[in-house]
Amino acid sequence: MSTAALTHDSQEHHGAPAATCKFGMIIFLISEAMLFAGLLGGYVVLRISLNGFPWQAGHAWPPSADIPHLPVFLTSINTVFLLASSFTFHFSEVAVNKGKSGLGWLAVTIFLGSLFVGLQCYEWTHLYHEGLWFDTGGIYGSSFFLITGFHGLHVAIGVALILWCFLRQVFTKCFTPSNHIALQNVALYWHFVDVVWICVLTLLYYV
Amino acid sequence: MTAITADTPVNETHGHDEHHDVGFIKKYLWTYDHKMIGLQYLWTALAFLFIGGALALGVRWQLGFPGAAVPIIGNMLPTTVAVDGSIIPGGYNMLVTMHATVMVFFVVMPLLIGAFGNYLIPLQIGAGDMAFPLLNELSYWLYVLSGVILMAAFFVPGGAPGTGWTAYAPLSAVAAYNGTPLGQGLWGIAIFINGLSSIAGATNYVTTIVNMRAPGMKMFRMPLPVWSLFITAILLILAVPVLSAAAAMLFADLNLGTSFFKPQGGGQPLLWQHLFWFFGHPEVYIMILPAMGLTSEILAVFSRKPIFGYKAMVYAMIAIGFLGFIVWGHHMFVSGMNLTLSAAFSVSTMVIAVPSAIKTFNWMGTIWRGSIEFTTAMCFALAFVSMFVIGGLSGIFMASTPVDLFVHHTYFIVAHFHYVLFGGSIFAIFGAIYFWFPKMFGCMLGETLGKWHFFLTLVFFNLTFFPMHNLGLGGMMRRIADPTVYDHLRQLQPLNQLCTIGAMGLGLTTFVFLWNVISSLRNGKKAPKNPWNANTLEWTVASPPGHGNFPVTPVVYHGPYEYSVPGIEKDFLMQTEKAPEGAQLESH
């Protein structure tokens with residue numbers, strides 16, 4: 001959902017103040033958090049009922065030996081890229097606050113975000129060739145693909161939003177130290193997607 | 001729209017649309033004006049009310065006269081619903097499912113939250129518009145889109161979904177079980193998009209109420225409709241995304257071969273019920289809290305008395321909203337639940353009776369010794385309280401696990417939720433339409449036809465739904481297409497026919513309402529600014545209000561329910577009026 005875009009557009013039409021836009025974004029992100037809470041909560045419940053807690057005897061995840069393991073190492077590297085992108089986004093905000101364009105850091109953020117999506121796509125195809133897909137491996141495959149799919153979609157939308165900010169800054173130089181609420185809201189969204197990823201990573205890959 | 005001859009405009013951007021004709025599309029179809037968006041919701045949801053009502057009549061026809069050809073339209077029905085004019089069992093399931101889905105997501109929610117929420121929030125808090133007008137309009141069109149997708153389910157191979165509005169898995173999750181994978185898939189998509197619409201709207205409402213109140217409009221000076229919509233919006237923010245997640249899982253189970261709700265792959269059908277009812281019970285309050293808020297306003301105005309216990313009303317709504325999140329298990333007593341857990345859910349459910357009773361007694365305290373004016377709006381509001389009490393009391397039966405085990409899958413529960421959803425929400429909606437129609441359209445909604453509409457609705461509503469209590473306790477199960485195939489139900493068939501006759505009367509009565517609306521719009525009495533001598537801010541501006549609502553940003557001096565204040569000559573004191581020396585105000 002490109003609410004950042006929406007709040008920004010409406011701001012141009014009716015002038016909702018920046019604080020109001022930010023408040024709206026936070027409310028929206030709370031509902032996003034509930035979406036992921038539903039998905040991850042469902043996964044946790046299914047997994048515990050099927051296979052017990054990780055510290056219990058007989059616990060095995062993936063639940064059977066013929067299901068391929070997830071590429072934990074590659075994804076950990078990928079996580080570093082995503083986390084780094086939150087910092088670079090922040091640097092670009094800092095730059096805008098100082099009256100600079102912030103374009104360089106935004107470009108780096110777009111690159112890192114795209115890299116994350118690209119590597120996730122690679123991971124999906126890799127697992128598909130290994131024989132893991134939505135319809136194989138029971139709830140192991142189901143949860144992995146649906147949850148990373150939802151999260152990946154959010155990252156992709158985030159990259160699109162940052163690209164939109166980038167282009168606006170290139171062509172209209174609209175972000176100034178006093179007014180860059182669209183950038184701030186996209187940043188909020190981006191950090192949120194990062195935090196969700198930490199939860200997804202922990203529950204799907206590490207535990 | 002002559003109201004905007006402003007001394008000082010609210011801000012420069014407002015009012016600019018007054019000076020030129022914006023054209024049909026910009027005025028009616030793609031508008032940023034919260035009032036027009038509210039009316040868009042109103043008309044669309046009323047259209048869905050007729051669709052949902054027609055579906056209900058199909059259901060009632062089959063139950064009253066099983067197998068008999070549906071009169072008039074029988075041969076026009078799709079073959080998935082009826083063959084040779086008679087409704088088939090699978091088609092009956094589709095009618096039930098679509099009736100419930102339409103009424104919940106496309107009638108009651110859009111009317112209460114979409115129509116009245118959009119129309120009233122900015123006007124009652126003294127704002128020029130919603131915080132995010134574009135998001136607001138987008139929310140409306142997402143709602144329309146989801147409605148079109150849902151209706152399309154009737155026309156795809158296999159037909160509409162027939163798994164009930166609760167879409168219990170694994171029936172809903174396995175194509176081979178339900179036989180309507182396409183329809184069920186469209187149902188999932190429609191619910192998901194409808195959820196986006198709700199979240200967009202709710203984000204807007206919360207932001208607007210928190211950030212855009214007029215000077216002096218403290219939280220505890222807000223009219224109760226705004227409070228109720230505020231709490232409802234928070235419930236939407238927290239509950240709807242969980243349904244979206246569940247709908248996505250269901251869609252994946254149906255179309256991508258995942259196994260969230262399929263035991264074969266390690267999934268659990270019961271997970272669907274938990275996710276669904278985690279949304280579904282707050283949803284119950286999402287559909288009744290705004291109705292309570294609207295009713296409170298009407299009762300106070302037409303009793304000419306302050307609302308009894310304003311703060312208690314607010315706290316009761318907050319309590320209901322909070323408790324709504326910890327009672328979902330009472331929908332699952334018969335699904336195989338741990339007894340300790342079911343006892344806990346039983347207790348938390350019964351606790352909800354406390355804030356509900358606070359509200360009910362406060363409504364009675366409000367009208368107690370008031371100078372009651374029996375306008376149509378007031379009649380509907382009074383009926384709301386009475387019908388809600390019946391529905392609320394039968395709810396306590398269901399909260400008790402041992403009782404619920406016997407009545408859960410019977411018509412007793414159908415009677416219960418129609419008493420709160422129709423007798424409650426829909427009555428409040430009708431009352432609110434009669435009350436705010438003058439503001440919305442600048443003309444009064446006819447009182448004579450209105451009274452006919454009210455009395456016929458009340459009589460036929462009770463004729464339709466009261467016997468269902470008896471049917472349920474007599475053992476009639478829910479979701480059966482033909483009661484006459486069961487020995488023990490044959491003797492109850494006359495009651496079923498009585499319900500059906502009542503339902504037909506109810507259907508016809510709706511046309512009285514429709515006719516009233518059309519004739520009032522064409523030559524109704526012109527409405528003044530404040531036809532009911534009410535206190536809240538929307539009555540300080542023209543009917544209908546101009547673009548930007550308030551020519552001058554209003555300043556609020558006290559609470560909204562200062563009626564018959566000792567020390568003031570007239571029996572109301574608008575929120576923008578300062579109280580004279582010596583007046584004893586209720587609020588601060």
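This is a predicted model: local features need pLDDT of at least 70, side-chain atom pairs count only at pLDDT 80 or more; totals for chains, interfaces and linings use all residues.
A residue is called buried here if 20 or more other C-beta atoms lie within 10 Å of its own.

Within α9(B), the buried residues are B:Y310, B:M313, B:A316, B:M317, B:I320, B:G321 and B:L323. The cover over these buried positions includes four helices of chain B, namely α7 (224–255), α8 (269–303), α10 (339–351) and α11 (353–367).

Chain A contains six helices and zero strands, and its elements accordingly read α-α-α-α-α-α from the N terminus. Its C-alpha trace spans about 60 × 30 × 25 Å along the principal axes. Of the 207 residues of chain A, 42% count as buried. Among contacts in chain A between residues at least 6 apart in sequence, 77% join residues at least 24 apart.

The two chains meet in a contact that takes 34 residues from chain A and 38 residues from chain B. On the side of chain A that touches chain B, the elements giving two or more residues are α1 (3–14), α2 (18–51) and α5 (139–172). The largest share, 17 residues, comes from α2(A). By class, this side of chain A has 17 nonpolar, 14 polar and three charged residues.

Note on methods
Residues are numbered from 1 along each chain as its sequence is written. Chains are lettered from A and ligands numbered from 1 in the order in which they are written. Two residues are in contact if their C-beta atoms, placed from the backbone, lie within 7 Å. Ala, Val, Leu, Ile, Met, Phe, Trp, Tyr, Cys and Pro count as nonpolar, Asp, Glu, Lys and Arg as charged, and the others, Gly among them, as polar. A residue is buried if 20 or more other C-beta atoms lie within 10 Å of its own, exposed if 12 or fewer, and partly exposed in between; C-beta atoms are placed from the backbone.
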